[in-house]
Amino acid sequence: MHILVADDDDRFTRPLAAFLRTRGDQVTVAVDGTAADGLLQHSPFDFALVEVNLAGVNGYELVRRLRSRRQTTPVIFISARQALEDRIHGLDLGADDYVVKPAEISEITARMRAVLRRGPYRIGDEMRFGPIMLDADGRLASLNGQALPLTGREWEILEALVAADGRTVAKDRLQADSGGNAAEVYISRLRPRLEPAGVLIRTVRGFGYRLELQAVAGEDAPG
């Protein structure tokens, strides 16, 4: 997994990042909220571990912005702020869990596993990725606010990609979701319909596919 650790306490982040890397995770550390916000906007992360007391943009505001952009990255607050109202506020903003410092690394990773077992984060019955919006209840899709007609197989593949929120989805998973038919066929149909809106379906050689946003004509590239 690619994990963002947003915390300025080197005594906490160094051993945590070292442990996560030993198990094969990629870890990016941001020492202030402004840097973390920029990273979350422009890079796909599988998980974010966030301190509330961040300089620039505090942890609460960071998560509020994340959820207002309809990003589904799982988030756990890890903070020395332990008052009940702090924990409730963090969860109400859209965090998936709240761990009070000092916390053992084994507890943090156990909480991460528990969050991941719940499945993808959704906002109501909607899932979003950039200009794509999926209404899971009605199985309706739109692109830049315009209806996007999809066949059943196309819906299943696009739903899996949107739920992954920029992370790679294994080809075998997409084959299963598409009822055993070749996923490449449906990917090839979706690509030309999504690309004019700046949504690319990238092939991850030997593994699968992921969604990626790019600037469209007339817009500035993110930076």
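Modeller: We can start with the overall picture and then turn to single residues.

Colleague: Fine, so what kind of model is it, and what is the mean pLDDT of the protein chain?

Modeller: This is a predicted model, and the mean pLDDT of the protein chain is 85, with 89% of its residues reaching 70 or more.

Colleague: Where is confidence lowest, and where is it highest?

Modeller: The lowest confidence is in helix 7, residues 171-177, at a mean of 74, while the highest is in strand 3, residues 47-50, at 93. Where pLDDT is low, the predicted coordinates should not be read in detail.

Colleague: OK. How many helices and strands are there in the protein chain?

Modeller: The secondary structure comes to eight helices and 12 strands. Of the 223 residues in the protein chain, 43% are buried, and among contacts between residues at least 6 apart in sequence, 56% join residues at least 24 apart.

Colleague: Which residues touch the most other members in the largest nonpolar core?

Modeller: Those are Ile-132, Leu-161 and Leu-194, in a core of 27 residues. Two or more residues each come from strand 6 (126-129), strand 7 (132-135), strand 8 (140-143), helix 6 (152-164), helix 8 (183-194), strand 11 (199-204) and strand 12 (208-213), and the largest share, eight residues, comes from helix 6.

Colleague: Take Leu-194, then; what is it in contact with, leaving aside its neighbours within four places in sequence?

Modeller: With those neighbours left aside, Leu-194 is in contact with Ile-132, Leu-143, Leu-148, Leu-158, Val-199 and Ile-201. Apart from this core lies another one, of 20 residues, and among them are Leu-62, Phe-77, Leu-93 and Tyr-98.

Colleague: Switching to rings: how many aromatic pairs does a search of the whole structure find?

Modeller: The search finds two. In one of them Tyr-60 and Phe-77 are edge-to-face, with 5.5 Å centre to centre and 80° between the planes, and this pair links distant parts of the chain, as Tyr-60 is in helix 3 (residues 59-68) and Phe-77 is in strand 4 (residues 75-79), 17 residues apart.

Colleague: New topic: where is Asp-7 found?

Modeller: Asp-7 lies in the loop between strand 1 (2-6) and helix 1 (10-22), and Asp-7 is buried, with a relative accessible area of 2%.

Colleague: Which side chain does the side chain of Asp-7 make a polar contact with?

Modeller: The partner is the side chain of Lys-101, at 2.6 Å. Beyond four places in sequence, the contacts of Asp-7 include Phe-12, Glu-51 and Ile-78 as well as Lys-101. Lys-101 also has its charged end over the ring of Phe-12, 4.5 Å from the ring's centre.

Colleague: What about Arg-23, in which loop is that found?

Modeller: Arg-23 is in the loop between helix 1 and strand 2 (26-30) and is partly exposed, with a relative accessible area of 38%. The side chains of Arg-23 and Asp-25 are joined by a polar contact of 2.4 Å, and, not counting residues up to four places away in sequence, Arg-23 touches Met-1, Ile-3, Thr-109 and Met-112.

Colleague: Last one: what does Leu-116 touch, not counting residues up to four places away in sequence?

Modeller: Leu-116, which has its place in helix 5 (residues 105-117), touches Met-1, Phe-47 and Pro-74 on that count. Leu-116 is partly exposed, with a relative accessible area of 39%, and its C-alpha is 9.5 Å from that of Asp-46, although Leu-116 and Asp-46 are 70 residues apart in sequence.

Key. Residues are numbered from 1 along each chain as its sequence is written. Side-chain values use heavy atoms; hydrogens and water are left out. Helices (H or I, at least four residues) and strands (E, at least two) are DSSP runs, numbered from the N terminus. Buried means under 20% relative accessible area, exposed over 50%, partly exposed in between (1.4 Å probe, protein chains only). A polar contact is a pair of N or O atoms within 3.5 Å; within protein, one must be able to donate a hydrogen and the other to accept it, and residues adjacent in sequence count only if both atoms are side-chain atoms. Contact means heavy atoms within 4.5 Å. pLDDT is the predictor's confidence in each residue, from 0 to 100. Rings of Phe, Tyr and Trp (its six-membered ring) pair if their centres lie within 6.5 Å; planes under 30 degrees apart count as stacked, over 60 as edge-to-face and the rest as tilted. A charge sits over a ring if NZ of Lys or CZ of Arg is within 6 Å of the ring centre and within 35 degrees of the ring normal. A nonpolar core is a set of buried Ala, Val, Leu, Ile, Met, Phe, Trp, Tyr and Cys residues joined through side-chain atoms within 4.5 Å.
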